Amino acid sequence: IQSDFTFIARFNRETHTSKTLALVVNGELVDNFEYSLKGTPCDKILGDTVCIFSCGVQQAFPNDQLLVDMGVEGYVGAPLYDSNENVMGLIVGLYKQAIEDEEVTLTLFNLFSGRIGAEMERVDRHNELKALNKNLDKLVQERTEELENTIVNLTMTQEKLIEQEKMAALGDMVAGFAHEVNTPLGTAITAESMLFDELELFKTKVEKNQLSKSYADHFITTQRDCLQLIKNNLARTNELIDNFKMLAQDQSESRPVKI
């Protein structure tokens with residue numbers, strides 16, 4: 001197109017500005033810049049219009065200082081469309097001299113604007129996909145951390161429940177043990193009480209010279225029976241305590257099952 005300045009830019013409708021994506025000056029790429037659309041011929045392109053001034057563009061847009069600074073005489077610009085036919089940017093050629101063949105220049109702009117628009121949209125989709133993948137990685141990381149925290153909390157809760165179950169089982173075991181021990185101990189205590197009562201009665205009869213042979217025989221039999229009863233029940237109590245100690249030792253040495 002033999003223009004002195006050529007650039008491709010993207011529109012920002014919110015700020016009513018345009019920012020170049022590629023800027024060529026005298027055949028070389030230079031730094032991009034952003035400019036306001038107000039009072040410029042590019043503003044017409046934002047409204048979906050091909051704009052061309054073979055000459056006199058400075059006079060047509062006297063408030064566009066950029067045209068003055070760059071010494072622009074001729075201007076041609078075409079809109080760039082996305083796949084939904086929305087204007088997303090423009091391609092512009094600026095000439096320091098009047099445009100010689102307006103028809104050929106417009107044909108070239110219309111020919112390449114479609115390919116440029118498609119490439120811009122492809123880059124946009126690529127960037128969106130990269131951003132989506134980045135967000136997806138972040139989301140996966142967050143969900144993984146949440147899952148790990150949930151597992152930790154569940155493990156802690158499980159351990160607490162296991163401890164509670166152990167304490168409950170221990171309480172039941174102690175209660176059962178106490179019940180088992182109380183029976184022989186109660187019998188031994190009753191026998192001891194009877195033994196004491198018989199001994200007191202025996203002492204009284206001795207002191208009053210009322211002791212008879214038949215009572216002496218009864219006393220001896222009662223003493224023997226009570227002592228045997230106490231002996232048997234204390235032995236049973238001792239056996240229960242030994243069994244309880246062995247059970248407690250087995251429980252403390254057993255390893256917890258990991259789930």
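Two strands count as paired if DSSP finds at least two bridges between them. Strand β1 (residues 5-12) and strand β7 clear that mark, with six bridges joining them in the antiparallel sense. The model is a predicted one. This briefing covers its strands, its aromatic rings, its salt bridges and a surface patch.

**Strand β7 and its partners**

- Strand β7 spans residues 87-95. Nine of its nine residues are buried, so the rest of the structure largely encloses this strand.
- On one pairing, β7 runs antiparallel to β1. Phenylalanine 7 has valine 92 of β7 as its bridge partner.
- β7 also pairs with strand β6 (residues 74-81). That pairing is antiparallel too, and it runs over eight bridges.
- Proline 79 finds its bridge partner in β7 at leucine 90.
- β6 and β7 make a hairpin, with five residues between the two strands. In the turn, glutamate 85 has a positive phi of about 65°.

**Aromatic rings**

- The structure has five aromatic pairs.
- One of them joins phenylalanine 7 and tyrosine 35. Their ring centres are 6.0 Å apart, and the planes stand at 80°, an edge-to-face arrangement.
- Phenylalanine 7 belongs to strand β1, while tyrosine 35 belongs to strand β4 (residues 34-36). The pair therefore ties together parts that lie 28 residues apart in sequence.
- Both partners are shielded. Phenylalanine 7 has a relative accessibility of 4%, so it counts as buried. Tyrosine 35, at 11%, is buried as well.
- Phenylalanine 53 and phenylalanine 61 also pair. Their centres are 5.5 Å apart and their planes meet at 85°, so this pair is edge-to-face.
- Phenylalanine 53 is partly exposed, at 22% relative accessibility. The cut-off for buried is under 20%, and phenylalanine 61 falls on the buried side at 11%.
- Ring pairs also build a cluster, made of Phe7, Phe33 and Tyr35.
- A charge meets a ring at tyrosine 215. The charged end of lysine 205 sits over that ring, 5.0 Å from the ring centre.

**Salt bridges**

- The structure contains eight salt bridges.
- Arginine 143 and glutamate 146 form one of them, at 3.6 Å from N to O. Both residues lie in helix α4. They are three residues apart, about one turn of the helix.
- Arginine 143 has a relative accessibility of 46%, and glutamate 146 has 44%.
- Lysine 166 and glutamate 163 form another salt bridge, at 4.0 Å from N to O. They too are three residues apart in helix α4, so about one helical turn separates them.
- Lysine 166 is partly exposed at 43% relative accessibility. Glutamate 163 is partly exposed at 44%.
- Helix α5 (residues 213-253) holds both lysine 213 and aspartate 217. Their side chains meet in a salt bridge of 3.2 Å, N to O. The two residues are four apart, so about one helical turn lies between them.
- Lysine 213 counts as exposed, because its relative accessibility is 66% and the cut-off for exposed is over 50%. Aspartate 217 is partly exposed, at 37%.
- Some salt bridges share partners. They join Glu121, Arg125 and Glu128 into one network.

**A nonpolar surface patch**

- Which residues form a nonpolar patch on the surface? They are Leu136, Leu139 and Val140.
- Together these residues have about 240 Å² of accessible area.
- Valine 140 sits in helix α4, which covers residues 102-207.
- Is valine 140 buried, partly exposed or exposed? Valine 140 is partly exposed, with a relative accessible area of 46%.

Note on methods
Residues numbered from 1 in each chain as written. Predicted model: local features only at pLDDT ≥ 70, side-chain atom pairs only at ≥ 80, totals over all residues. Heavy atoms only, no water. Patch = residues over 30% accessible without salt bridge, like charges linked within 9 Å, V, L, I, M, F, W, Y side chains within 5 Å. Areas by Shrake-Rupley, 256 points an atom, 1.4 Å probe, with all protein chains shown as cover. Buried < 20%, exposed > 50% of the residue type's maximum accessible area, 1.4 Å probe, protein only. Phe/Tyr/Trp six-rings, centres within 6.5 Å; stacked < 30°, edge-to-face > 60°. Lys NZ or Arg CZ within 6 Å of the ring centre and 35° of its normal.
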